[in-house]
Amino acid sequence: LTAGANDLLQQFKDNCLAIIDGIYKKIEQLKGPVGIVRTRVIGFRDFVDDEAIVESPFFELPKQESEFLQLIGLLESRGGGDLPENALEAIALALKSQWTQEGCFRRHIICVITDAPALDFSERKDCPGYPYGMPKDMGELTAWYQQGIGTLDLRARRFVLFAPEHHSWDTISQTWDHC
């Protein structure tokens, strides 16, 4: 892996709670007291590597902060050191999460942090461990986000993207609402 991937992951680990706290405070400033904060992590790499996708359960913060930080501490960047990665599958899994329906005001926020371009869906679909029910292409993933899938609340959805320039990331940043 490049030193950049390790640095990016370490920065995420060091700042994870600050990122969540910043979102929490902004919502509180705009809308008032926040009742429940739930978060989960979906780690991803290329499906030619072991454990290409690692999904956590939702953690309720601050009650489960220590368990959440323990999971974050276990994340590591490893693999073949090649680019791109299977980030779009991770986004699809995030969209299909069991989002809360509680409360009169909620936010369903997906935050992607990567230093790699994204592989197209068709490139690794025959690899072992590839998740079932993935979109066939970027158009279908976009429809999942724009039209909603599962318990994703269309009014509550937000997408935060920290990624290099790449056609997949450009498509998301330029066409997805609330990105």
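**View 1. Accessible surface and overall fold of the predicted model.** The accessible surface of the protein comes to about 10,000 Å² (Shrake-Rupley method with a 1.4 Å probe; for residues, only the protein chains shown count as cover), and 51% of this area belongs to carbon and sulfur atoms. This is a predicted model, in which local features need pLDDT of at least 70 and side-chain atom pairs count only at pLDDT 80 or more, while totals for chains, interfaces and linings use all residues. Residues are numbered from 1 along each chain as its sequence is written, and side-chain values use heavy atoms, with hydrogens and water left out. The protein has five helices and six strands (DSSP runs, H or I of at least four residues for helices and E of at least two for strands, numbered from the N terminus), and their order along the sequence is α-β-β-β-β-α-α-β-α-β-α.

**View 2. The largest nonpolar core.** This core has 29 residues, a nonpolar core being a set of buried Ala, Val, Leu, Ile, Met, Phe, Trp, Tyr and Cys residues joined through side-chain atoms within 4.5 Å; buried means under 20% relative accessible area, exposed over 50%, and partly exposed in between (1.4 Å probe, protein chains only). Leu88, Ile91, Leu95, Leu141, Phe159, Trp169 and Ile172 touch the most other members. At least two residues of the core come from each of helix H3 (87-95), strand S5 (108-113), helix H4 (138-147) and helix H5 (167-175), with H3 giving the most, eight residues.

**View 3. Surroundings of Phe159.** Leaving aside neighbours within four places in sequence, Phe159 is in contact (heavy atoms within 4.5 Å) with Ile91, Ile110, Val112, Tyr145, Ile172, Trp176, His178 and Cys179.

**View 4. Leu61 and the second core.** A second, separate core of 11 residues includes Val37, Phe59, Leu61 and Leu75. Leu61 is found in strand S4 (residues 59-61) and, at 11% relative accessibility, counts as buried. Beyond its neighbours within four places in sequence, Leu61 is in contact with Leu17, Ile20, Val37, Thr39 and Phe68.

**View 5. Ser56 in the loop between S3 and S4.** Ser56 lies in the loop between strand S3 (53-55) and S4, and its relative accessibility of 5% makes it count as buried. A polar atom of the Ser56 side chain lies 2.9 Å from the backbone nitrogen of Val41. With neighbours within four places in sequence left aside, Ser56 is in contact with Arg40, Val41 and Leu71.

Note on methods
A polar contact is a pair of N or O atoms within 3.5 Å; within protein, one must be able to donate a hydrogen and the other to accept it, and residues adjacent in sequence count only if both atoms are side-chain atoms.
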